[in-house]
Amino acid sequence: MIFYDSPNPAPNPRRVRIFAAEKGIDLPSQPVSIVKREHKSAEFLALNPRGQTPALQLDDGTVITESVAICRYLEAVHPEPPLFGIGAVEQALIEMWSRRVEMILMPPVGAVWVHTHQFTAALPGRNMEWGEANRPRVDDALRFFDTSLEGRTFVAGDHYTMADILLLTTVDFAAFIGIGLAEDLNNLHAWHARVTARPSAAA
C-alpha cells in the first residue's frame with residue numbers, strides 16, 4: 001500500500017494523515033510536490049486522472065482517490081477508534097456535519113484561494129472580483145460553526161470524529177490563505193485549541 005501525499009498547506013492529504021494518526025496506522029507514503037506540478041505528471045495521472053492528491057494505491061493495484069473515500073476505506077479495515085461513528089444516528093450526524101463543512105465552508109475558502117492567492121496566479125480563468133466576494137461567505141460560514149459549537153466539545157457530539165478533521169483542516173487552510181478566525185468566535189477558538197492539541201494534528 002502506498003499513500004501519495006502532499007505536504008501542508010494542502011488540506012486534503014492532511015485529512016488522511018490526521019485520520020491515520022488517530023487510528024495509529026502507519027501509511028507508507030510517497031510525496032507528490034504540487035509546487036513542482038508532479039500531480040500533473042503522466043505517471044501520477046495514470047493513478048488519478050483528476051491530477052489531485054491524495055491517492056491510496058492498494059497492494060492489488062486498486063487506487064482510491066478523494067480524501068474522505070480513503071478515510072472510509074481505512075475505517076473499514078481499522079475500525080477502532082470509530083471516527084465515522086457507530087449506529088445509524090451517530091453515523092448520520094457525523095455525515096451531516098462533514099457535509100456541512102464541505103458544502104458551507106470549503107467552497108468559499110476554495111474560491112478565495114483559487115481566485116485571489118499569489119500561489120494560484122498562473123491558473124486560467126481567475127476572477128479576482130469573485131474571489132474577494134467570497135471572503136464574507138467564509139466569515140458567515142465560520143460564524144455558523146461557532147454558533148453550532150455552543151455547548152459542544154466536538155463538532156458532531158461529545159467525541160472527536162471525521163467531522164472535526166474536516167473542519168480543522170479547512171479552518172487551518174483558510175488561515176494559510178489569510179482568513180483567520182475573528183476574535184469574537186469564542187466557541188470556534190476553544191474547539192480549535194482542543195483539536196490542535198491532539199498529537200494527530202501535527203501529522
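## Numbering and model

Helices are DSSP runs of H or I with at least four residues, strands are DSSP runs of E with at least two, and each kind is numbered from the N terminus. By that numbering, His192 belongs to helix 8. The structure described here is a predicted model.

Strand 2 and strand 1 are parallel, paired over three bridges. Here Phe3 faces Ser29 of strand 2. Strand 1 and strand 3 run antiparallel, and three bridges join them. Tyr4 has Ala55 in strand 3 as its bridge partner. Strand 3 (residues 55–57) then pairs with strand 4, also over three bridges and in the antiparallel sense. In this last pair, Gln57 is bridged to Val63 of strand 4.

Several loops hold backbone features worth checking by eye. Pro54 sits in the loop between helix 2 (42–47) and strand 3. The peptide bond leading from Thr53 to Pro54 is cis, and its omega is near 10 degrees. A cis bond also runs from Glu80 to Pro81, with omega near -15 degrees. Pro81 is part of the loop between helix 3 and helix 4.

Next come positive phi values in residues other than glycine. Arg37 has phi near 60 degrees, a positive value. Its place is the loop between strand 2 and helix 2. Glu66 also has a positive phi, near 75 degrees. This residue falls in the loop that runs between strand 4 and helix 3.

## The largest pocket

How much space lies in the largest pocket? The volume is about 1,200 Å³. Its lining counts 35 residues. Nearest the centre of the pocket are Ala10, Pro11, Ile34, His39 and Trp113.

Three helices, namely helix 1 (11–23), helix 3 (67–77) and helix 4 (88–116), supply at least two lining residues each. Which of them gives the most to the lining? Helix 4 does, with five residues. Sorted by class, the lining has 16 nonpolar residues, 13 polar residues and six charged residues.

## Helix 7 against helix 8

Helix 7 (residues 162–176) packs with helix 8 (residues 186–196). The axes lie 11 Å apart, and the angle is about 105 degrees. Angles of 65 to 115 degrees count as roughly perpendicular. Helix 7 is therefore roughly perpendicular to helix 8.

Which residues make this contact? From helix 7 come Asp164, Leu167, Leu168, Val171 and Asp172. From helix 8 come Leu188, Trp191, His192, Val195 and Thr196. By class, the contact has six nonpolar residues, two polar residues and two charged residues.

## His192 up close

What does His192 touch, leaving aside residues up to four places away in sequence? Its contacts are Leu168, Val171, Asp172 and Leu181. Here contact means heavy atoms within 4.5 Å.

Leu167 and His192 are 25 residues apart along the chain, yet their C-alpha atoms are separated by 9.2 Å.

Terms used: Residues are numbered from 1 along each chain as its sequence is written. This is a predicted model: local features need pLDDT of at least 70, side-chain atom pairs count only at pLDDT 80 or more; totals for chains, interfaces and linings use all residues. Side-chain values use heavy atoms; hydrogens and water are left out. Axes are lines fitted to C-alpha atoms, for helices over the stretch in contact, and angles run from 0 to 180 degrees between N-to-C directions. Angles under 35 degrees count as roughly parallel, over 145 as roughly antiparallel, 65 to 115 as roughly perpendicular and the rest as oblique. Ala, Val, Leu, Ile, Met, Phe, Trp, Tyr, Cys and Pro count as nonpolar, Asp, Glu, Lys and Arg as charged, and the others, Gly among them, as polar. On a 1 Å grid over the protein atoms alone, a cavity is a set of points where a 1.4 Å probe fits but cannot get out, and a pocket is an open set with protein on both sides within 12 Å along at least five of seven lines; lining residues have an atom within 4 Å of a point. Grid points are joined across faces, edges and corners, and a volume is the space filled by probe spheres set on the points. Two strands pair if DSSP finds at least two bridges between them.
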